[in-house]
Amino acid sequence: MSERLAPQDKVPFWRSPQGRAWMFQLCMVGGFLWLAVSMYRNTLVNLKTRGISSGFGFLANEAGFRIGEVTGIPLPQGGLLWFLLSLVAGLAISQLIARQLKSDSGTPMNSKWLSVSLFFSIGLPMLTLYVFRDSIEIAHYTESSSYFMALLTGLGNTLKVTVIGCVASTILGLLIALGRLSPNWLLSNICRWYVELNRNLPVLLQLFFWYFIVLQQLPNVRKSIDLGGWLILNKRGLFLPSLVPQQGAWLFCATIVVALVAIWVLRRRAIRILDETGMPVKILFPALGFLIGLPALAWLVGGQPFTLDFPVLKGFNFKGGTGLTPEFTALVVGLTVYVSAFNAEIIRSGIEAVSKGQREAARALAMNERQVMRIVILPQAMRIIVPPMTSEYLAIAKNSSLAVAIGYPEFVSVGGTILNQSGQAVEIVGIWMGVYLCISLLISFGMNIYNSKVALVER
Amino acid sequence: MTTAHINTATHLGDSPVVIDIQGLNKWYGQFHVLKEINLQIRQQEKVVICGPSGSGKSTLIRTINRLEEHQEGRIVVDDEPLTNDVKQIERVRREVGMVFQQFNLFPHMTILDNVISGPIHVRNMPRKQAVDLAHSYLKRVGIAEQANKYPGQLSGGQQQRVAIARALAMQPKIMLFDEPTSALDPEMIKEVLDVMRELAEQGMTMICVTHEMGFAREVADTMVFMDKGQIVEYAPVKEFFTAPKEERSRMFLEQILNH
Ligand SMILES: Nc1ncnc2c1ncn2[C@@H]1O[C@H](COP(=O)(O)OP(=O)(O)O)[C@@H](O)[C@H]1O
Ligand SMILES: [Mg+2]
């Protein structure tokens, strides 16, 4: 007979797993704190001996340098604040409604409640935007703006590249993955080579390739490809006419939103009718009617919503209009192509990891190949795909800083210029790291929410 | 080979032939898996296919709903010849339900969603009607209470019964079973065989690959014994168990019954 052992009280804490974990953590935190404190003191001493002032006051100073690509920054005042507030409030209210309904009756909301929550989540912010339309200011950086404005502009450019890169590389990656899985020998091999080539060349080289080789093939400014002023293409970029909003622009845009909402409601109705009666309802023509008819009506009532501003040749370059700079194009194309190769592999292996039996069971139920993919394979593959895909999105955000090499004015490149001018190395590096950390954490946070949604489905 | 012998159940009178396989040959690369298969199956007939592992039983029944392509010969299911035509294949699959050894339920869907997936997406049935139908089949296989659980929360026997309900919800004319009890613990085999027995009594046309000889003796009209890709013996069930004609089937029976 062995005596009974109570697991907790006999073992000294330094030999229990929890005790050990705690001690280890404490040592780590202690060591880290010591490192941080000594670095901080060291830095202060160094700065003092070199006579450099510390602090973030310099951010208010005039920047004085040019930024080649300026993204508008909405100023955080009046209108914008109300808009953001109403956006958050609207989403929160509609979430609350949904939860309340679900806990009350256990069923998802019906169409009456849906329109109520739709009003709060979309209508309310749109309304605020409309009411405060005159107090929303979008600032554009100029040479006389502050360092702070310069950093914001750089950050805006970084975010622009990151968002476009993530979306485009996902879509392209999915297409390449499906191509690789296709039974067509030629297609699948082309996709394989695409993946191998892009995966195995450094991303910096690829940026150089797009910027210095591909885009340099374009003609000079004087010999631009010019489609009657509507589209101008040359070494300096792609130029298109821009839309200048007039009196009726708000009404026009609002009717487009209303039309989209109406189409969405139509679609839901069609799905409901299909569910209840098995009758498919065609909504293409009513949808087109809404999408064309409503804005056309707004045009008649409110007058021409936009005028066009055509780019014109002034001096050595085109002025006015809108367009894409070669730096931006090279960066977005380079990052997208590079990351899409990785995404394709992630998606392909996710799809292949779903067992063969699943595909066979779906086929045996007479589903067609598209249904097999959409209903059975992809939802299961998602769970395998999402975590590694998060790393790829993070890679886009971080690799966008390679733009320094081709002169696209994103966050790191602008920060570098400021660092050179002001000498505030510690502050700039601190801002760099802080901001990238925030972007990365935001991406991870978003993907984790998505992941828990797809993962929870199983149990 | 002008008058190939067609295996057909003359002992069932003249009920119509729903599956007609003639001169079927199939290769995996160099490997000849199915050799000159001739087989006719009539409406409401219950066929049990047995034979040693690797003899081509699974491959044969998987050619019937075109999960495997064949290279030579003619397969006609419910008056629909199986060709490369996708529409034709889908029409055949709508009439042919299949139950797999590994259940193959969709793990990301509830039991109910598994069962309604066919009727809704393939038959375009209204959701409400599909749910009612699913509940009635789940009740028939004895899983009515588990409709909102996920497959991972059920035992193997329960999962296989759900798989049968899922196939039945498509209201097929023919059911294929590929070793439906081979992956089950012994105490769960009976619950699945009971469901299949009941299905047989209701007049379903069934083709089962199984080694459950008790079940075969009780339910089957016709026995097919396969070895090395060929149909070695085709016989009415009584004849097969009392007086097998072929040496190989006799040996196989001895092995499996004395085991
Ligand atoms: N996809 C495949 N590729 C190559 N050979 C296969 C494939 N599937 C099955 N086989 C071979 O075909 C033979 C018959 O397989 P199968 O029909 O599964 O036999 P059974 O179900 O009678 O055990 C086996 O020898 C097996 O190894
Ligand atoms: Mg088998």
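**View 1. Helix α3(B) passes helix α4(B) in a right-handed crossing.** A crossing is called right-handed if the near helix is turned clockwise from the far one by less than a right angle, and left-handed if anticlockwise. In this predicted model, the axes of α3 (residues 111–121) and α4 (residues 127–140) of chain B come within 9 Å and cross at roughly 125 degrees, where axes are lines fitted to C-alpha atoms over the stretch in contact and angles run from 0 to 180 degrees between N-to-C directions. α3(B) and α4(B) are therefore oblique to each other, since angles under 35 degrees count as roughly parallel, over 145 as roughly antiparallel, 65 to 115 as roughly perpendicular and the rest as oblique. Helices are DSSP runs (H or I, at least four residues) and strands likewise (E, at least two), numbered from the N terminus.

**View 2. The largest share of the shell around ligand 1, three residues, comes from α1(B).** Both β2 (31–42) and α1 (57–64) of chain B supply at least two residues each, and the residues around the ligand (those with a heavy atom within 4 Å) include B:Tyr28, B:Pro52 and B:Lys57.

Residues are numbered from 1 along each chain as its sequence is written, and chains are lettered from A and ligands numbered from 1 in the order in which they are written. Local features need pLDDT of at least 70, side-chain atom pairs count only at pLDDT 80 or more, and totals for chains, interfaces and linings use all residues, while side-chain values use heavy atoms, leaving out hydrogens and water.
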